[in-house]
Amino acid sequence: MKIAIIGAGIAGLTTAKMLREVAEVTVYEKSRGAGGRVCTRYTDLFDFDHGAQFFTVKAPQFKEFLNPLIQSDIVKSWNAKFVEIKKNKIINQRQWNDDFPHYVGAPSMSEIGRFLAQDLDVKLNTEVQIRKKEDQWHIIDTDDVNHGSFDWVISTAPSLQSAALLSDEFKFHNILIERNMIECFSLMLGFENKLDLAWEAALISDADISWISVNSSKPDRKKDFTLLIHSTNLWAKNNFNTKKDTVIEQLLDATSGVTGKAIYNAKHIDVHRWKFANIKKQIIKPPFIDQSNRIAACGDWCIKGRIESAFLSGFDLANEMRNLFK
Ligand SMILES: Cc1cc2nc3c(=O)[nH]c(=O)nc-3n(C[C@H](O)[C@H](O)[C@H](O)COP(=O)(O)OP(=O)(O)OC[C@H]3O[C@@H](n4cnc5c(N)ncnc54)[C@H](O)[C@@H]3O)c2cc1C
């Protein structure tokens with residue numbers, strides 16, 4: 001049995017790890033690293049986790065899956081001073097601690113994908129589509145190179161990208177189209193001098209930004225002071241095609257308003273635009289397995305825009321498929 005998995009995010013890597021016990025599995029990933037939206041932007045002086053910020057663990061199966069990463073110090077607890085800010089005032093605060101860990105990758109979020117991919121057959125820098133020939137699925141990259149034939153294809157790309165990849169042959173195509181993922185901007189600021197903030201993680205309401213991390217306060221980061229700011233999803237939707245300079249200017253204004261600090265002189269300023277950042281909690285749950293076409297799909301969009309949901313979507317799908325192959 002040969003299975004091609006499209007996407008080396010958390011869902012794809014989880015699925016691959018679980019299915020390689022029963023099949024020959026190859027993962028195709030268009031980016032140059034594994035991890036998907038659990039990622040880090042590296043620059044000469046500063047690093048930024050510009051996708052997922054941290055994650056929590058509720059499901060016992062996720063806890064078990066993470067154990068090797070925790071034991072290898074790839075995943076560590078971020079014991080941040082956390083605040084909620086409304087109308088530029090702190091309305092709530094608490095110290096995160098090991099009683100309910102807020103986990104991050106160490107020394108960066110992208111270490112998680114790197115660790116999970118290390119014993120898998122992952123083809124990086126390979127954007128693919130699928131083509132059917134003599135009842136087998138062929139994986140074709142953007143240079144029209146054929147990567148061979150497979151019995152099954154599993155797409156773990158965001159819902160609309162999966163819809164385009166799998167076409168309407170897939171039994172759950174309508175579900176893919178209806179899963180509306182939302183936009184976000186990540187503003188990255190690196191400073192020569194530390195800013196004097198009373199917190200390390202802030203959830204913000206009543207502003208155009210929704211989140212600020214003192215990225216450099218996460219475990220094992222470079223010393224230089226960094227902030228990672230997320231716009232609200234609504235602001236990102238309304239400004240998705242706005243010029244990059246204008247986006248930066250307006251997000252700097254919003255950040256300055258919330259922090260009350262001089263951030264315009266940051267040494268490094270950049271922004272990343274996410275088309276498919278997040279998705280709200282879903283009612284119709286997976287797994288989405290089309291046995292007659294031998295196509296399946298999973299990803300956070302099956303459940304909710306969270307790392308744990310991405311894991312669970314892959315875990316449930318792989319378990320279901322393992323039962324099919326018995
Ligand atoms: C800005 C932002 C902030 C977030 N904050 C948090 C947070 O604090 N906590 C939390 O739990 N979650 C957070 N999330 C959500 C979390 O990152 C996701 O839920 C999770 O990473 C999704 O994993 P996935 O495997 O389902 O999808 P992805 O990580 O999107 O993986 C899909 C992969 O498929 C690849 N791909 C797509 N098309 C192709 C193709 N044709 N060929 C080859 N490869 C392809 C993509 O490159 C990608 O690597 C955040 C996300 C964003 C963007």
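1. A polar contact is taken here as a pair of N or O atoms within 3.5 Å, and that cut-off is what the first contact of this predicted model should be read against. A polar side-chain atom of arginine 37 lies 2.8 Å from an oxygen atom of the ligand, so this pair falls within the 3.5 Å limit of the definition.

2. The shell around the ligand deserves a description of its own. It consists of 36 residues, of which the closest are Glu29, Arg37, Phe54, Asp300 and Ile307. Sorted by class, the shell holds 16 nonpolar, 14 polar and 6 charged residues.

3. Which elements and domains supply this shell? At least two residues come from each of α1 (10-19), β14 (182-190), β18 (268-278) and α8 (307-325). At the level of domains, at least three residues are drawn from each of domain 1 (2-38 + 110-179 + 287-325) and domain 2 (83-106 + 182-278).

4. An open sheet of 6 strands runs in the order β9-β2-β1-β13-β20-β19, and its pairing is mixed. Its edges are formed by β9 (122-123) and β19 (288-290), each of which pairs on one side only. Within this sheet, β1 (residues 2-6) and β2 (residues 24-28) are paired in the parallel sense over 5 bridges, and isoleucine 5 stands opposite valine 27 in β2.

5. Another open sheet has 3 strands in the order β10-β11-β12, with antiparallel pairing. Because β10 (128-133) and β12 (146-150) stand at the edges with a single partner strand each, one side of each is left without a neighbour in the sheet. From one strand to the next, the twist averages 25°. The antiparallel strands β10 and β11 (residues 136-141) are joined by 6 bridges, and the bridge partner of glutamine 129 in β11 is isoleucine 140.

6. Most residues other than glycine have a negative phi, and most peptide bonds are trans. Alanine 106 and proline 107, however, are joined by a cis peptide bond with omega at about 5°, and proline 107 is placed in the loop between β8 (103-105) and α3 (110-117). Aspartate 144, a residue other than glycine, has a positive phi near 65°, and aspartate 144 is found in the loop between β11 and β12, two strands of the antiparallel sheet β10-β11-β12.

Terms used:
Residues numbered from 1 in each chain as written. Predicted model: local features only at pLDDT ≥ 70, side-chain atom pairs only at ≥ 80, totals over all residues. Heavy atoms only, no water. Near = heavy atom within 4 Å. Polar contact = N/O pair within 3.5 Å; in protein donor to acceptor, adjacent residues only side chain to side chain. Helix = DSSP H or I, 4+ residues; strand = E, 2+ residues; numbered from the N terminus. Nonpolar A, V, L, I, M, F, W, Y, C, P; charged D, E, K, R; others polar. Domains from an automatic or database assignment. Pairing = 2+ DSSP bridges. Axes fitted to C-alpha atoms, helices over the stretch in contact; angles between N-to-C directions.
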